[in-house]
Amino acid sequence: MKLALFCAGQTEQEYLGKRLLDKGLLFCQNQTLLDLADDIPEAMKFPGFEQIKSQNDFRVVVNDVLKKLRKH
């Protein structure tokens, strides 16, 4: 995942999106400002996170997210 869209008015989601963007982990855009032609290329510049492919991968992905958050 390299591009995150969070629901407007959901303060915890807005906070998380801003924090991940500030840490340089993924691109977050307000849904009212979303322009896929511009935002997808911008999002590809970020490292992002692994995709969960199965229930067993969940722990691996969560650990990856936590490790990246601690690193930045």
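Trainee: Let me start with charged pairs: how many salt bridges does a search of the whole structure find?

Mentor: Here is the general idea to begin with. Side chains of opposite charge can pair when their charged atoms come close. In this model, which is a predicted one, a search of the whole structure turns up three salt bridges.

Trainee: Okay, let's take them one by one. Which residue forms a salt bridge with Lys18?

Mentor: That's Asp22, and the closest N and O atoms of the two are 2.8 Å apart. Both residues sit in helix α1, four residues apart, or about one turn of the helix.

Trainee: Why does a spacing of four places matter in a helix?

Mentor: An α-helix has 3.6 residues a turn, so residues three or four places apart point the same way. Lys18 and Asp22 have that four-residue spacing in α1.

Trainee: And are Lys18 and Asp22 buried or exposed?

Mentor: Look at how much of each residue can be reached. Lys18 has a relative accessibility of 51%, so it counts as exposed. Asp22 is at 54%, so it counts as exposed too.

Trainee: Where do Asp64 and Lys68 lie?

Mentor: They both lie in helix α3, four residues apart, again about one turn of the helix. Asp64 forms a salt bridge with Lys68, with the closest N and O atoms 3.6 Å apart. Here, though, both partners are buried.

Trainee: That leaves Glu42. Which residue does Glu42 pair with in a salt bridge?

Mentor: With Lys45, and their closest N and O atoms are 3.1 Å apart. Glu42 is partly exposed, with a relative accessible area of 28%, while Lys45 is exposed, at 63%.

Trainee: Now let me step back. How many helices and strands does the protein have?

Mentor: When you read a fold, list its elements and then their order. This protein has three helices and two strands. Going along the sequence, the pattern is β-α-β-α-α. As for overall dimensions, the C-alpha trace spans about 35 × 25 × 25 Å along its principal axes. Of the protein's 72 residues, 25% count as buried.

Trainee: How do I read the length of a helix, say α1, and what span is expected?

Mentor: Compare the distance from the first C-alpha to the last with the span expected at 1.5 Å a residue. Helix α1 covers residues 11-22, which makes 12 residues, and it reaches 16 Å, close to the 16 Å expected.

Trainee: Which residue with a positive phi follows α1?

Mentor: That's Gly24, whose phi is near 75 degrees.

Trainee: Let's turn to aromatic rings. Which rings pair up, and why is the pair called tilted?

Mentor: You look at the distance between ring centres and the angle between ring planes. Planes under 30 degrees apart count as stacked, over 60 as edge-to-face, and the rest as tilted. A search of the whole structure finds one aromatic pair. The partners are Phe27 and Phe46, with ring centres 6.0 Å apart and planes at 40 degrees, so the pair is tilted.

Trainee: Which parts of the chain does the pair tie together?

Mentor: Phe27 belongs to strand β2 (residues 27-28), and Phe46 to the loop between α2 (36-43) and α3 (58-71), so the pair ties together parts that are 19 residues apart in sequence. Phe27 counts as buried, at 11% relative accessibility, and Phe46 also counts as buried, at 13%.

Trainee: Last one: where in the protein is confidence lowest, and where is it highest?

Mentor: With a predicted model, check the average first, then go element by element. The protein averages a pLDDT of 84, and 96% of the residues score at least 70. Confidence is lowest in strand β1 (residues 3-4), with a mean of 80, and highest in α2, at 93.

How values were computed
Residues numbered from 1 in each chain as written. Heavy atoms only, no water. Phe/Tyr/Trp six-rings, centres within 6.5 Å; stacked < 30°, edge-to-face > 60°. Buried < 20%, exposed > 50% of the residue type's maximum accessible area, 1.4 Å probe, protein only. Expected span 1.5 Å × (residues − 1). Salt bridge = Lys/Arg side-chain N within 4 Å of Asp/Glu carboxyl O. pLDDT = per-residue confidence, 0-100.
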